[in-house]
Every structure is written in structure tokens, then in C-alpha cells.
Amino acid sequence: MKTAALTRVSEFEWRIEPTGNMRVPGVIYATEALIQAMDEKVRDQVVNVACLPGIVSASYAMPDAHWGYGFPIGGVAAFDADQGGVVSAGGVGFDISCGVRCLRTGLRRSDVEPFNERLADALFRRIPVGVGSHGPIRLGGAQMDAMLTGGARWAVEQGWGTRDDLKYIEGQGCIADARTDAVSDRAKKRQRDEMGTLGSGNHYLEVQEVSEIHDRETARVYGLDEHEVVVFIHCGSRGLGHQIGTEYLKTMATSARRHGIELPDRELACAPLRSDTGQAYLGAMRAASNCALANRQIITHLARQVFAELLPEADLTLLYDVSHNTCKLEEHMLDGVIRKLFVHRKGATRAFGPGHPDLPDEYRAVGQPVLIGGSMGTASYVLAGNANPRVPSFASACHGAGRAMSRRQAHKSWQGGRLLKELRERGIIVRSPSLRGVAEEAPQAYKDVDAVVDGAEEAGLARKVAKLRPLVCIKG
Amino acid sequence: MWSHFHHGADIGVRGVGETLERAFEEAAVALTAVIAEPAGIRCLETVEVRCEAPDRELLLVDWLNAIVYEMAIRHMLFCRFKVELQGSLLLGSACGEAVDVARHQPAIEVKGATYTELEVREDRPGEWRAQCVVDV
């Protein structure tokens, strides 16, 4: 992106002044190098979002922003229902409530390393992964509806996990006000055998080592220490969320004019929060969020089974579970007034600061864990939400690295088999059903996650707590 | 004729043909090629789909999403497509086989077709183009 079209506010903040139909300015948080690496389309999309009815403060983009559909990926925007605000299916994305969960294991790298290959094989056998994969769980009728309203809480009730887990999940594992009647039969059918599956693409389960500690006090509170081993799970609401996104995108696109909304682009399809369509989407989206939380809970259970068999001294406890494709009703202070706003985070992670009432007691003094997944073979990070952030982007931070190269280009540039060998030589064991998938997910096809995280910290969005290095990666 | 075009995080699918129907069919082959090599998929079972949308662009997205849905619920991959358009109605079929992970090496699931870079038009007489970005 050319910096000439932006107003530089500080070293890490860039502003797009409101022009034309923009109701608010655009704000991008990034270093100059990250801005220059961003697609021009990010600017267009930040501007388009700024034109939507009821948007509050600004249309924000995080340091890992890249060209999405409608909203940029890495986009954050809040809407006020009292001011004709909207909810957008594209502002949440197809993979509703896609997110990351981090588990401590109580093991050190030296405990796990002799078992890396066996651990990789066992996890790969136990956790369904890749295109067309399905799990042993079949859901239908009342059970499906119970899952869609209960989320991870439902999963724990079925025996997949412990009640303690729920304390460390957004919304205590269950998103309220889900509406199963707003979820189509087709969406439910698409999910009937996909519970407990990881999916494909950039979704994965990794066993990682805490390789660096950046904030010793917060790391202690999070229970992280150097050379300890954690498990990172990155996946979402599977076919159900994809189908809900697909269906409501069309409903919103075709009903926008009826709701008096002139869309700058059809891909910005949205509906007033106070409309039947808007309410139905919110209900369906919350059901999909519960599906994602239940899914990550079941995968956690499967990972625990594998560790118990191979490394019985392991104790997998939940550090945190946070989604990065959501729209949530939250309270935020604006100009000294607390307002209830619908905050869209499309490829952006909620990052509540210290003292927030929604945080587990143990974390309240230091802020929310912000989990940043890297790409295969690269680092992941645990950050923490900042107190009184200098930045007003509704307590949000980045979510990952973002692609630097298209899948097709990556497929042409690397061979899956050779990549697996190179990663193994670096001590990273990868298991995947598809060598082509491995090539498309080559570490070099992604931007530098270190630079993105540094940019987020320097911009004041969150602070670095620990860096994680992969040991074993189960890849879709 | 089908091709892919660049999109930052995802991938664009494009079908070009002498008729609108042919362009839609080719776009579906491009969709398949995001997942696996179409040449490696056998035509063993045919699935019928029906879509309806108020305009050609939305109909293309519906058609591709219908294929995504059938792939997901049947655990199949498709290689041959037929499209018949009757105004706002699309009657189509997709022929393929059950996913064989070892043989097909499917790289990625498609979550859905989007309205990004969505275009359906006759670029010159007898050359139709149908394209959009798909989320993966």
C-alpha cells in the first residue's frame, strides 16, 4: 500500500481522512514496512467499511491486515444499534468463530522430544483432519440443537472435558442468545459428522515449546515457563459456520435495498441490527460460535487421550480459548460514556485489558491472553491485552501472519515432500494427509509473524508474553 | 477454459466459455482445481443441483456454493459439470467420486464462494466469463 494516500499519526498509526460517503475515518495500525507490504485493496476495504450505517469511531485495520471479502481480514468495526447500525456476514467471515485454544501440558521439551514422532503419529490418527474428513460423532435433531445452544458447555456435559476448562473460554464456553431456528437444515446437515474435526488450510494442531519469555510476571500468571510444552489448536465452526455465512451473505445482499442500505459493494452485504434479518443472523452466528467452541473442546479431549496414552504424566489444562472471526455485543467507553456496541472482528483477536470483568479471576490483574497462531513451521505467540490502551480499537489485536503469496504460487514454488524433510531437519515433525496442502502452507508463503507481533506491540494493541516454537504439527 | 486468479488470502476461480452455461461449468472446474487436480477425479456418480437467484452474478455464487455443499455432505469431488439456465433458474449436475485422500491429495476445503471480484459478462461476442473469489 502506498503511504502517500495516508496521514501518518505516529510511527505505528496511519489515518484515512473521511471523504465521500465515509461516516468515520479509517485507521491502520502498522509499521511503515508492514504498510508497504499491504495490498492496496486493504485501503479500499477499510474505506468501504467506514461507509456502513451506524459505524462508530473508525474503521480499523490491524498490523496483519490483508485483502478479504467486504471487510479486510484484520478489520475491526463497531456498530451502534441506536444509530441504525448494521451487522455484516462478511464482517465476521465464513469460518464463524474461527479461533485459537492453548493448553499447557505440564511437560518440558526434554520430556516430550523422545516421543515427538510417536506423538505426531498418534495425534494424526486420533484427530480427523483434512478435506472430506469426518469424526466418529454423529449429531442430529435435538442433540444438534443442544450443541448449538450449549457450545463447549454442552461438550463438557457429554464428557469431553472438565468444568474447569469452561472458565478459560470466551463466554465461559457458551455464547448466549443462539437461535437454532435461524440455522438452516442444510447448515445442520453439513455439520452432522464434522464435530471434532480440524479442517484444512491454515487450521492445525501444534505441540509447541515456549522458546522465549518476554513478560515474566504475566507468563507466571498464565502458567508459562521457558521450555515448557503447550498445545495450540486453530480451527473454527466447520461446515455449519461456512453454510451460515454463505446463506446470510445472500440474504443480506438481496435485502439491503429493502432496508434502505446502499452498499458501496455487494460484498459488504449487511442488515440493520434491528431487523429480522439482522437478528436472525446474530442468532445463527452465535449458534455457529457455540459449534466452534464445542469443536475445539472435543479436539482438546482427543488430544488429552493421546497424551494420556503416550505421556501419562501430562496434565493438559486450558490457558485460554479466543475466537478471531466474530461479532460481539460489548460495552466500550467512548468520550466518557459507556456504550453497548456490536464489535466485528474479522481476523482480529479480542484483547481485553487488566480489570475487565469478563476475564477469569486469575488473569484479571494482567489482562486477557491473546493467542496468535503462526503458520506451519513458524513461531506462535501469547500476548496480553493492555490496560487503558493508547489505541481505541475496541480492545482488539492482530490474529496471525497473513499470506504473502497465493496458494497456487506456493504450490508451484515448493514441493511438499522436500518441505517436510527441511522442517524435520529443524526439529519440526509435520503430519498431513496432503503433500500439496503442505506446499500451499509453506512457511515462506506467509508474512513474518514476528514483524506482525512486534507491530502490534509497538502500536500498543497488546504486549508480548511468550514466543512458542513448533515441535509437532498436525495439518489439514 | 478455466483459470485461477490472485487474491491475497484466498483464490479466484474463473470460467470462460462460448456460452454463459459453459462459463459456469468451467468455473466449477476451477473450483475443483482449488482442492485437487480435476484430471485425477473419476466420473462415477452424478448429483443434480438446482439454484435460483435474482441475477447472473448471484446465480454463479449459488451454483458454486451448491457444489461446495454437495462435496461437503457427500464427501465427494467432482470433475464434470453440466449447466442449463432458464432465466433466474439454474439446473445443473456434477459428476465425480468419493474423496480418496491418498489418490486425490486434496489440498484444502473451500468454505464458500464470495462476492469479491464477482463478475459474469460477455467480454466479446461468443466469449463469456464467470468469476469470483472463493474462501478457503
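How much of residues 2-136 of chain B is helix and how much is strand, and how far apart are the end C-alpha atoms?

Analyst: Over residues 2-136, chain B is 29% helix and 43% strand, with its end C-alpha atoms 18 Å apart; helices (H or I, at least four residues) and strands (E, at least two) are DSSP runs, numbered from the N terminus. This stretch carries the annotation "domain: Archease" in an unreviewed UniProt entry, with positions given in the numbering used here, feature names shortened, and annotations that may be inferred rather than shown by experiment.

The model is predicted, and local features need pLDDT of at least 70, side-chain atom pairs count only at pLDDT 80 or more, while totals for chains, interfaces and linings use all residues. Residues are numbered from 1 along each chain as its sequence is written, chains are lettered from A and ligands numbered from 1 in the order in which they are written, and side-chain values use heavy atoms, leaving out hydrogens and water.

Turning to how the chains meet, chain A and chain B each bring 44 residues to their contact, which is defined by heavy atoms within 4.5 Å. Together they bury about 3,800 Å², 55% of it on carbon and sulfur atoms; buried area is the accessible area (1.4 Å probe) that two parts lose on being put together, summed over both. In chain A, the residues losing the most area to chain B are Trp67(A), Val131(A) and Arg266(A), which together account for 19% of what that side buries.

Six salt bridges cross this interface, each a side-chain nitrogen of Lys or Arg within 4 Å of a carboxyl oxygen of Asp or Glu. In one salt bridge, Arg238(A) meets Glu109(B) with the closest N and O atoms 3.1 Å apart. On the side of chain A that touches chain B, the elements giving two or more residues include β4 (55-69) and α9 (238-255) of chain A, and α9(A) gives the most, with eight residues.

Because Lys188(A) lies in helix α7 of chain A and Asp145(A) in helix α5 (residues 141-157) of chain A, the pair ties together parts that are 43 residues apart in sequence. Over all chains, the structure holds 50 salt bridges.
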